[in-house]
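Welcome! Take a moment with the picture below, and then let us walk through some of its strands and helices together.

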Amino acid sequence: MKIVLLEPLGIPAEVLAQYQARLEAQGHSMVCYETRTTDPAELLRRTGDSDIAILANTPYPASVVEGASQLKLLNVAFTGVDHVALEACRAKGVTVCNAAGYSTQCVAELALGLTIACLRQLPACETAARSGGAGTPFRGREIAGRTVGIVGTGAIGTRTAQLFQAFGARVIAYSRTRRPEVERLGVTYVSLEELLQQSDIVSLHVPSNGETKGLFSRQRLAMMKPSAILINVARGAIVDNVALAEALNQGQLAGAGIDVFDQEPPLPPETPLLHAKNAVLTPHVAFATEESMLRRAEIVFHNIDAFLAGRPENVCL
């Protein structure tokens with residue numbers, strides 16, 4: 001089999017070399033690219049006549065899928081696969097796998113980190129400390145005793161719920177599917193409207209698809225408490241981010257912690273959230289820790305082993 005790694009995996013070179021050597025010892029060939037490209041023509045050139053292509057969150061359009069003559073497995077080193085032309089893969093019979101589970105802990109941790117940053121006004125506090133200011137104006141709020149609404153109780157949403165509970169929060173949830181194991185944690189499922197009305201903190205953990213795009217519309221944002229904060233470490237398209245910026249600037253929400261946007265960072269200077277009050281922003285880093293990158297690589301190369309053995313795992317298509 002010809003295998004191509006289309007972009008870096010964020011792991012040490014020696015670790016990648018070990019995976020590559022193992023595959024080559026089995027008689028396969030592997031080419032690894034050390035730069036990322038979003039140019040479809042270059043992606044097609046890199047894919048070439050490979051049987052297996054590995055990518056992370058680089059968009060993989062239909063033109064590339066259709067032009068990849070020998071492609072059999074698209075091995076996505078990411079949780080979401082909404083950046084892949086799935087219909088084109090289905091039409092060509094290309095199997096699509098993902099790296100489910102690699103980022104569960106780190107994404108949940110950043111959700112908590114953004115929450116604390118909002119509640120304790122950490123960006124403003126740091127600016128004050130660096131400019132000779134005092135702490136007198138800053139009165140933060142605690143997670144303990146507050147109601148947290150988790151939207152989406154997959155692996156990441158469930159782990160986030162557990163971390164909030166460890167801080168002493170009451171956790172409620174909304175999800176398309178109610179999971180008994182989540183209820184056993186003491187989490188109560190409610191309607192989305194009830195969640196928005198009751199929650200002091202709302203944390204989003206749903207995929208981006210036709211059902212969730214624009215889920216947090218202007219109308220739904222208006223259902224939240226003026227004292228509430230919104231955390232989005234899922235996908236930018238879930239939220240009407242222009243409406244969110246307006247709500248923050250008009251005092252209709254107390255804060256927001258956002259890691260994902262309508263496009264991948266770097267963001268254009270005119271992006272409304274860049275100029276919104278009480279918004280703590282990170283440039284899509286929730287999934288990226290030293291530990292998660294190693295877990296991701298392990299899953300990705302295990303996906304190849306499973307596919308070659310005729311028992312593909314983490315199959316999305």
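This is a predicted model: local features need pLDDT of at least 70, side-chain atom pairs count only at pLDDT 80 or more; totals for chains, interfaces and linings use all residues.

## A pair of strands to begin with

## The open sheet

Stepping back, we find an open sheet of 5 strands with parallel pairing, in the order E2-E1-E3-E4-E5. Strand E2 (29-32) and strand E5 (95-97) are its edge strands, as each of them pairs on one side only. On average, neighbouring strands in this sheet are turned by 15° against each other, with direction ignored.

A helix joins the picture here: helix H1 (residues 13-25) packs on the sheet and touches strand E1 (2-5) and E2. The direction of H1 makes about 155° with that of E2.

Now turn to strand E6 (residues 147-151). Is this strand buried or exposed? It is mostly covered, with 5 of its 5 residues buried. Thr147, Gly149 and Val151 are buried on one side, and Val148 and Ile150 are buried on the other.

E6 pairs in the parallel sense with strand E7 (residues 170-174) over 5 bridges, and in E7 Arg170 stands opposite Thr147. Together with helix H7 (residues 155-166), E6 and E7 make a right-handed β-α-β unit. E6 also runs parallel to strand E9 (residues 201-204), joined to it by 4 bridges; there, Val148 has Ile201 as its bridge partner.

How values were computed
Residues are numbered from 1 along each chain as its sequence is written. Side-chain values use heavy atoms; hydrogens and water are left out. Buried means under 20% relative accessible area, exposed over 50%, partly exposed in between (1.4 Å probe, protein chains only). Helices (H or I, at least four residues) and strands (E, at least two) are DSSP runs, numbered from the N terminus. Two strands pair if DSSP finds at least two bridges between them. A crossover is right-handed if, with the strands pointing away from the viewer, the path from the first strand over the helix to the second runs clockwise. Axes are lines fitted to C-alpha atoms, for helices over the stretch in contact, and angles run from 0 to 180 degrees between N-to-C directions. Contact means heavy atoms within 4.5 Å.
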